[in-house]
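Work through the exercises below with the model open. Try each task before reading its solution.

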Amino acid sequence: SKPTITAPSSGPMPERFIEDVITSGGLMTRPGKPRPLRVGVNIGVNNIAAIDDSSMTFNVIVFLRLFWNDRRLAFPSNYSNNEAIVLHPSVTSRIWNPSIFVVNSFDTKIDPS
């Protein structure tokens, strides 16, 4: 499936901009180096299941949203005034993303969708 992108009212399509930025390279490094990068976090618990008293374990399904500002991905003036686009995981895998580490986790599975 393709990235979800809203067509601009004028100027080149966002798909072309994203492809140009990605092929220029350097997007796998953390933005803003050497300064720290502020990453926002939203988390919501969807389900707590399979509580096992004897092993002191449980399964939890959560929704995790991470967000940050990467100026390398800002639209230049010749593109439309889109503020944000939603990208398919095949595109986001080619752009830096924060590492996710769950402390005291027995087993962690992450669905990129």
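A contact here means heavy atoms within 4.5 Å. This is a predicted model, in which local features need pLDDT of at least 70, side-chain atom pairs count only at pLDDT 80 or more, and totals for chains, interfaces and linings use all residues. Residues are numbered from 1 along each chain as its sequence is written, and side-chain values use heavy atoms, with hydrogens and water left out.

**Exercise 1. The fold**

Task: Find how many helices and strands the protein chain has, and their order.

Solution: 
- Step 1. Apply the rule: helices (H or I, at least four residues) and strands (E, at least two) are DSSP runs, numbered from the N terminus.
- Step 2. Count the elements. The protein chain has 2 helices and 2 strands.
- Step 3. The order is α-β-β-α.
- Step 4. Turn to contacts between residues at least 6 apart in sequence. In the protein chain, 65% of these join residues at least 24 apart.

**Exercise 2. Surface and core**

Task: State what share of the protein chain is buried, then list the residues of the largest nonpolar core.

Solution: 
- Step 1. Set the classes: buried is under 20% relative accessible area, exposed is over 50%, and partly exposed is in between (1.4 Å probe, protein chains only).
- Step 2. Apply them. Of the 113 residues in the protein chain, 14% count as buried.
- Step 3. Define the core: a set of buried Ala, Val, Leu, Ile, Met, Phe, Trp, Tyr and Cys residues joined through side-chain atoms within 4.5 Å.
- Step 4. List the members. The largest nonpolar core holds 7 residues: Phe-17, Ile-18, Val-21, Ile-22, Leu-27, Val-91 and Ile-95. Helix H1 (residues 14–23) gives the largest share of this core, 4 residues.

**Exercise 3. Charged pairs**

Task: Locate the 2 salt bridges and say which partners are buried, partly exposed or exposed.

Solution: 
- Step 1. Side chains of opposite charge can pair when their charged atoms come close.
- Step 2. Use the cut-off: a side-chain nitrogen of Lys or Arg within 4 Å of a carboxyl oxygen of Asp or Glu. The structure holds 2 such bridges.
- Step 3. Take Arg-72 and Asp-70. Their closest N and O atoms are 2.8 Å apart. Asp-70 sits in the loop between strand E2 (57–67) and helix H2 (89–92).
- Step 4. Classify this pair. Asp-70 counts as buried because its relative accessibility is 7%. Arg-72 is at 28%, so it is partly exposed.
- Step 5. Take Lys-109 and Asp-107. Their side chains meet at 2.9 Å, N to O. Lys-109 is exposed at 70%, and Asp-107 is exposed at 52%.

**Exercise 4. Backbone exceptions**

Task: Find where the cis peptide bond lies, and where Ala-50 and Met-56 are placed.

Solution: 
- Step 1. Start from the rule. Most residues other than glycine have a negative phi, and most peptide bonds are trans.
- Step 2. Check Lys-33 to Pro-34. This peptide bond is cis, with omega near 5°. Pro-34 lies in the loop between H1 and strand E1 (40–52).
- Step 3. Check Ala-50. Its phi is positive, near 50°. Ala-50 belongs to strand E1 and is exposed at 52% relative accessibility.
- Step 4. Check Met-56. Its phi is also positive, about 55°. Met-56 lies in the loop between E1 and E2. Its relative accessible area is 74%, so Met-56 is exposed.
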